Each structure stands twice: as C-alpha cells, then as structure tokens.
Amino acid sequence: MFTPALDETGATPGSSLVRQRTEDLPALVGIYSDAGSLSRTPAGTERPLRDGTVYVAEVGIEHKKAIVASALTNAQSTTMAMVGGVYTDPAFRGRGLGQAVTSALCAELLSLDLVPVLYWHAPDAGHVYAKLGFRRIGFWRSVWLASKE
C-alpha cells in the first residue's frame, strides 16, 4: 500500500521529469535495453506506454536530452496500479532520480484515485520506496516458466 509523501524529491538539478507518450518509444527502449533484470524488449516497453503510465528523468548530454531513469505501471485496474520498471542508469544513481520518477508517477496515480502498489527485492529499492511512503504489507513471489520448445 502507499501512503502519500509528495514533498520535494531531491532530484539532480538540470534534470527534468517527463511523462512519456507512445511517440517516445525509441528513446525509452534505449534505457531498458541493457537494464539487467529489468531489461525489456521493445514490445515489452511499448505496452506500458500504450496501456499505462510512464515517467522518465532526462538530462542534457552532449547537447541532447537523454533518459537516465524511468518508472512505469505494469498493470492498472479501476482502483490500483502496479508500479514497476523503476530503473536508473548506473552512471546516474545516488542522485534521487529513481525516487523522483517514482514520486511523479505516484502523484499522477493518486490524482486519478488509483492506489500505487509495488514489490521489490533489492534492499536499496526498499529504502527509496519507504521514503516515498510505501510500507510492506506482505510478500510477493514470481514464477518464470520455461518454454517447451
């Protein structure tokens, strides 16, 4: 469950938080293409843009804007939204960007009367989510099935 904590996020000066649209897919695919356990295929990146909500942090790199952090919804119902895909480029970690994009995403969800929910396995992620007002209410397990082929 989420308890709102919508104060300043402490994101890096010079970064901007942007709600992504379907036409932003090529740039978003880039950040998730090499995101370790959070990597997504282009189709897996497009689905949240089409059916959910995606926020990113952009910074200027060599006179161009680059996405360096992202948070999105994996699923939404009429009352809840599953937050996921929270990822920050390793070169930009420790600057509050993951917290900032997650906060922006949750603020929009709350404005729509949707309760943000999520799960995590990395202790550092749990600390960030606790700062945003999330609290542990149980445990989550995922099962990955192998193809028969």
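Predicted model: local features only at pLDDT ≥ 70, side-chain atom pairs only at ≥ 80, totals over all residues.
Before you click, residues are numbered from 1 along each chain as its sequence is written, and side-chain values use heavy atoms, without hydrogens or water. Local features need pLDDT of at least 70 and side-chain atom pairs 80 or more, while totals for chains, interfaces and linings use all residues.

**The sheet.** Start with the five strands of an open sheet, in the order β1-β2-β3-β4-β5 with mixed pairing. Strands here are DSSP E runs of at least two residues, and helices H or I runs of at least four, numbered from the N terminus; two strands pair if DSSP finds at least two bridges between them.

**Where β4 meets β5.** These two pair in the parallel sense over three bridges. Pick alanine 81 and you'll find proline 116 of β5 opposite.

**The helix on the sheet.** Now select 42-51: this is α2, which packs on the sheet and touches β2 (54-61) and β3 (64-76). Touching means heavy atoms within 4.5 Å.

**The pocket.** Next, zoom in on Tyr119, Trp120, His121, Ala125 and Tyr129, which lie nearest the centre of the largest pocket among its 45 lining residues. A pocket is an open set of points on a 1 Å grid over the protein atoms alone, where a 1.4 Å probe fits, with protein on both sides within 12 Å along at least five of seven lines; lining residues have an atom within 4 Å of a point. Finish by colouring β4 (80-88), α3 (97-111) and α4 (123-131), which each supply at least two lining residues; β4 gives the most, with seven.

Key:
Axes fitted to C-alpha atoms, helices over the stretch in contact; angles between N-to-C directions.
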